[in-house]
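Please read this briefing with the sequence and the 3D view side by side. The points below are grouped by topic.

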Amino acid sequence: MIFRYPNGKPYEPKEQFVHKKQQTITYSNRGMTLEEDLNETNKYYLESKLAVIHKKPTPVQIVNVDYPRRSAAVIKEAYFKQSSTTDYNGIYRGKYVDFEAKETKNKTSFPLQNFHAHQIDHMRNIVEQGGICFVILSAFNEFYYLEAQNLLTFWNRQETGGRKSITHDELNEHGHKIPLGYQARIDYLKIIDKLYF
């Protein structure tokens, strides 16, 4: 199946072939990805009537479908309708909440190339309108809450020829570590409470 961007270019996922050495096994995430952890957290928030936060669907235009059997359809070609903005949005205590979730396996820094210019523009607009905007980063075997204002500072530094990543020390200084929990696995509302209420 071919996915295409709005400009017609085909979407080609980056495949990384890395020779893996023997690694120590960590059970910290118990096989769950950052997105799955956040979806479970948001489900708990909704069921507990704490917040209404949902993952935004990626709009796709289906162009070509093959029907090998009456009961089965195979999508052969599709296009992204528009560039996506951030991953999640919703409302908490009467405030609009909008955030992006990113992860890296880099051991020394968080590359800013994980973000796209249209996502940065979207976050800047949310901040200008008084919304709560941030990113949740999975890096260095930790989860971090980084306010959009701080991300924008790092992005602007990159745009003016500076460093193209956020160091571990910078993330510890400007971000907020989120401990893993049981029901709310990545309980970012506690950090929002501390920063805004």
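How many bridges join S1 to S4, and do these strands run parallel or antiparallel? There are 3 bridges between S1 and S4, and the two strands run parallel. The model is a predicted one.

- Across from Arg4 stands Tyr79, which belongs to S4.

**Salt bridge between Asp37 and Arg185**

- The whole structure contains 9 salt bridges, and three of them are described here, including the one that joins the side chains of Asp37 and Arg185 at 2.7 Å, N to O.
- Asp37 counts as buried because its relative accessibility is 0%, under the 20% cut-off.
- Arg185 counts as buried too, because its relative accessibility is 9%.

**Salt bridge between Asp87 and Lys55**

- The side chains of Asp87 and Lys55 form a salt bridge at 3.9 Å, N to O.
- Asp87 is buried, with a relative accessible area of 18%.
- Lys55, at 31% relative accessibility, counts as partly exposed.

**Salt bridge between Arg93 and Asp193**

- In a further salt bridge, the side chains of Arg93 and Asp193 meet at 3.1 Å, N to O.
- Arg93 lies in the loop between S5 and S6 while Asp193 lies in helix H5, so this pair ties together parts that are 100 residues apart in sequence.
- Arg93 counts as exposed because its relative accessibility is 51%, and the cut-off for exposed is over 50%.
- Asp193 counts as partly exposed, at 25% relative accessibility.

**Thr108, a loop residue**

- Thr108 is found in the loop between strand S6 (95–103) and strand S7 (109–111).
- With a relative accessibility of 57%, Thr108 counts as exposed.
- Apart from neighbours within four places in sequence, the residues in contact with Thr108 are Phe140, Thr167 and His168.
- From Thr108 to Asp169 the C-alpha to C-alpha distance is 9.3 Å, although the two are 61 residues apart in sequence.

**Glu170, a helix residue**

- Glu170 is part of helix H4 (residues 168–174).
- Is Glu170 buried or exposed? Glu170 counts as buried, because its relative accessibility is 16%.
- When residues up to four places away in sequence are not counted, Glu170 touches Phe154, Arg157, Ser165 and Gly175.

Definitions and conventions:
Residues are numbered from 1 along each chain as its sequence is written. This is a predicted model: local features need pLDDT of at least 70, side-chain atom pairs count only at pLDDT 80 or more; totals for chains, interfaces and linings use all residues. Side-chain values use heavy atoms; hydrogens and water are left out. Helices (H or I, at least four residues) and strands (E, at least two) are DSSP runs, numbered from the N terminus. Buried means under 20% relative accessible area, exposed over 50%, partly exposed in between (1.4 Å probe, protein chains only). Contact means heavy atoms within 4.5 Å. A salt bridge is a side-chain nitrogen of Lys or Arg within 4 Å of a carboxyl oxygen of Asp or Glu. Two strands pair if DSSP finds at least two bridges between them.
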